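Me: I have a structure open and would like to go through parts of it. Can we take it step by step?

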Amino acid sequence: MGKTKSFPRDLFGRVTAAALPRARMLVETWLPDGRLVGEEYIARNPNREDRRPGSFKINVQTGLWADFAVPVGGCDLISLWAYLNNCSQMQAALRLAELLDVEP
């Protein structure tokens, strides 16, 4: 029987901890047409036909994000990456771990 690769249970916590201090830089890279207003980065939602920034917001202090025009949101930058790239939470965590030099 083949052995499946397992991932540490704390992977999500470690990736979240590494991503949060870099949240502004990350969201500016992922959503370059946005702007920072206080602690919120406001951008166009690339997953729908947004004409201008306004309802899609990411809090760069907490990682909470939402698009208030449609019922979508999340509690961290892993879920944001998963949403933007149409992938699973695990795929997003692994990709961000790679980008942020976090051992999976």
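Me: Where is the place of G34?
Reply: G34 sits in the loop between α2 (23–30) and β1. Helices (H or I, at least four residues) and strands (E, at least two) are DSSP runs, numbered from the N terminus. This is a predicted model, where local features need pLDDT of at least 70, side-chain atom pairs count only at pLDDT 80 or more, and totals for chains, interfaces and linings use all residues. Residues are numbered from 1 along each chain as its sequence is written, and side-chain values use heavy atoms, with hydrogens and water left out.

Me: Why does G34 count as partly exposed?
Reply: Because its relative accessibility is 21%. Buried means under 20% relative accessible area, exposed over 50%, and partly exposed in between (1.4 Å probe, protein chains only).

Me: What does G34 touch, leaving out residues up to four places away in sequence?
Reply: G34 touches Y41, I42 and A43. Contact means heavy atoms within 4.5 Å.

Me: Ok, strands. In which sense do β1 and β2 pair?
Reply: Antiparallel, over 3 bridges, with β1 at residues 35–37 and β2 at residues 40–43. Two strands pair if DSSP finds at least two bridges between them. The hairpin has 2 residues between the strands, and G38 takes a positive phi near 65° there.

Me: What stands opposite E40 in β3?
Reply: N59 does. β2 and β3 (residues 56–59) pair in the antiparallel sense over 4 bridges. E40 of β2 also has V37 opposite.

Me: Switching to helices. At what angle do α2 and α3 pack?
Reply: About 5°, with their axes 12 Å apart; α3 covers residues 77–85. Axes are lines fitted to C-alpha atoms, for helices over the stretch in contact, and angles run from 0 to 180 degrees between N-to-C directions. The two helices are therefore roughly parallel to each other, a term for angles under 35 degrees.

Me: Which residues meet there?
Reply: A23, L26, V27 and W30 in α2 meet L77, L80, W81 and L84 in α3. The residues of this contact divide into 8 nonpolar, no polar and no charged. Ala, Val, Leu, Ile, Met, Phe, Trp, Tyr, Cys and Pro count as nonpolar, Asp, Glu, Lys and Arg as charged, and the others, Gly among them, as polar.

Me: How many residues of α3 are buried?
Reply: 7 of its 9. They are L77, I78, S79, L80, W81, A82 and L84.

Me: And what follows α3?
Reply: N86, with a positive phi near 50°.

Note on methods. Angles under 35 degrees count as roughly parallel, over 145 as roughly antiparallel, 65 to 115 as roughly perpendicular and the rest as oblique.
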